[in-house]
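Dear colleague,

Please find the structure below for your records. My notes on the strands, salt bridges and chain contacts follow it.

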Amino acid sequence: MKLLTKTSINQFLLSLFILIVTGIMLLLLLQIEVSAEIEEQLELQSAMVADEIAAGRTINFPLVQIDSQNVTLLKQPQVFKDTLIYDRIQNVSEDYYYLSETRKINGKDYRVRVMTTHIGLTGYFKAVGYIFAVMACLFILLGSLMNYFINHKVWRPFLVNLQRLKSYSVSSKEGLQLDSSDITEFKEMNSVLSELAAKAQKEYLALKEFTGNASHEIQTPLSIIQSRLESISQYPLELEVARYIVDAKQATNRLSRVNKGLLLLAKLENDDFPDKELIDLKESLNSHINLIEDLLINKGMVLGRQISSKEVHASPFLLEILFSNLLSNIIAHSRSGNVIISLDNDRMIFSNEGEKLNFPESKLFSRFGKGIDDYKGNGLGLSIVKQICIVNGWEINYNYSVGMHRFEITFL
Amino acid sequence: MKLLFVEDEPVLLEEMESYFSSLGFICEHALTFWQAAAKFDNYTYDIVVLDITLPDGTGIDLIPTIREKNAETGILILSARDSLQDKLKGLDLGADDYLTKPFFVEELNARINALYRRKTFKGAKQIIFEDFKIDLVSKLLTHKADTIPLTRKEYEMLIYFVVNKNRVMSKSSIAEHLWGDHFDQSDNFDTLYVHVKNLRKKLSAASNNDYIKSVYGMGYKFTF
């Protein structure tokens, strides 16, 4: 639930509670007050009627009744009561309130009954209900208007910054840019976030620099090991020693490959490739396939090409690595069967027959995310492929259906 | 052919110098930027193999000096950095080729030979061994008067073998030469074996000689 919805609901419930409590109180107080006034008025009327009788004048008014004969009635105490009187004009029975009391006037008992119209609880309830319903409506209407305003003015920087944080990456060259706000809490949050982002970026750069330097420093000793091993190979060797040397050479080769891969990844994240030019992918892809076609054929694979022209603005160096990695992936993981490589204006697809992956697809593009026990690769190839796609703003997806692995690169 | 190796790592220098001397090239070396700069003042070379990271400067800055002295000198950059910027800058300044460490000395030799042929007109247009002749322009192999048809890979492999004759070359070295260094070559050894077998068959069918010798587990050696 959004913060604003939550506060709005709470605010609305609170207003409703206040409205109901104050409404009931208003209703009761009003009734008590008005009833007291009516009773006072009736008592005054009764007193005035008594004065008239004492003065010897006859009272002749429909809402006043005087009785001096009924003995049982004369013995009754003073009483306030409701009654219904038929209203001829409005054609309904109306609520009336009367006072009936026995008064001693000039030594004689008179039963005097005076009455007036009565506003009952329903009457108050109607009036108060209308007013409070209007108040509740206004609360909701103006409340949501105010929320809308707050949402757009006060919360705006927060929401904008949230969006920026979502798309922020420590590997991006620009620091975290946040919209300023005049709200203290937001200001504080912005400064904390900026600090955090700067720190993360600094640490990321340090790590990247370390990876780059370490890889570079490893290349030279590796060159020495490799060339010395090659020199040893020139001598006549016993079979066993030869085997040791071959193993050492292969390990050196693998190490060098991993190292180069890491170095390349570090550079890819830095977007260090200024050699972008307009390239016809058709030509470049075909020449790469031609180079390794013999490897596919020798493994018993049948190659199908559906390649049409497509111009892209990209680094030829990176394209070479992209093609090589995807092709070597096919060569390494496929024993025989069909290989289909297609390219059109929207996408490039590398697909090959093979067994289903024996590890989760999500690990396919992650570094060293391999799951195969006898895997010979270095676990960086597809990670590099993905990074190259990102650098070029392309999307790469993998799926497996009807026995075919399929890598699809969509040009966006 | 006169070579200069500008390289601060003594072991690599020794490896390169001993191999290229054994091939009959005249080799000199410089360990630092200033040693190299002094050499260019006094001598000219056919090919300079230039390491980029030197203790007192970057090899890239030497390229204009070399070019100024002699436009025909072939310059091959050798770098541990595998940096595209270095490569582009180097080639832009007039370097002819670029090789990343670690490298196979046979590959360096093949590049130097190709560069020498391309750069100067001193290089031969054909390679001859025994009765065979490889025409580098038409890319044809002939034995006496007969043309021996070769696939593209067999042709490339033959040249690689011939320029590096009498050296035990590892399978990785040959595979990397044929398919580039982006591949994990151990996947390709079976295919390499097929190519070697076919080339060997074609050469011995023409001459009755087996030139390609398998060295157990290590690789192959081309002898004549």
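In this predicted model, strand β3 (residues 92–105) of chain A runs antiparallel to β4(A), and ten bridges join the two. Helices (H or I, at least four residues) and strands (E, at least two) are DSSP runs, numbered from the N terminus, and two strands pair if DSSP finds at least two bridges between them. Within this pairing, A:Tyr96 has A:Thr117 in β4(A) as its bridge partner. The two strands form a hairpin with two residues between them, and A:Asn106 in the turn has a positive phi of about 50°. Strand β4 (residues 108–117) of chain A is also joined by four bridges to strand β1 (residues 64–67) of chain A, again antiparallel. There, A:Val64 stands opposite A:Val114.

As to conventions, residues are numbered from 1 along each chain as its sequence is written, while chains are lettered from A and ligands numbered from 1 in the order in which they are written. Local features need pLDDT of at least 70, side-chain atom pairs count only at pLDDT 80 or more, and totals for chains, interfaces and linings use all residues; side-chain values use heavy atoms, with hydrogens and water left out.

On confidence, the predictor gives the complex an ipTM of 0.89 and a pTM of 0.69. Chain B has a mean pLDDT (the predictor's confidence in each residue, from 0 to 100) of 89, and 96% of its residues reach 70 or more.

Over all chains, the structure holds 22 salt bridges, each being a side-chain nitrogen of Lys or Arg within 4 Å of a carboxyl oxygen of Asp or Glu. For accessibility, buried means under 20% relative accessible area, exposed over 50%, and partly exposed in between (1.4 Å probe, protein chains only).

- A:Glu52 and A:Arg57 meet at 3.0 Å, N to O; A:Glu52 is partly exposed at 30%, and A:Arg57 is partly exposed at 49%.
- A:Lys104 and A:Asp109 meet at 3.5 Å, N to O; A:Lys104 is exposed at 62%, whereas A:Asp109 is partly exposed at 30%.
- B:Glu154 and B:Lys202 meet at 2.7 Å, N to O. This pair links distant parts of the chain, 48 residues apart: B:Glu154 lies in helix α6 (residues 152–163) of chain B and B:Lys202 in helix α8 (residues 189–207) of chain B. B:Glu154 is buried at 2%, while B:Lys202 is partly exposed at 28%.

Elsewhere in chain B, B:Ile134 sits in strand β9 (residues 132–135) and is buried, with a relative accessible area of 0%. Leaving aside neighbours within four places in sequence, the residues in contact (heavy atoms within 4.5 Å) with B:Ile134 include B:Phe129, B:Leu140, B:Tyr155 and B:Val162.

Turning to the interface, 44 residues of chain B are in contact with 48 residues of chain A. The buried area, that is, the accessible area (1.4 Å probe) that two parts lose on being put together, summed over both, is about 4,200 Å², and carbon and sulfur atoms give 56% of this. Three salt bridges cross between chain B and chain A. In one salt bridge, the side chains of A:Arg228 and B:Glu14 meet at 3.3 Å, N to O. The largest share of the side of chain B that touches chain A, five residues, comes from α8(B).

Yours sincerely
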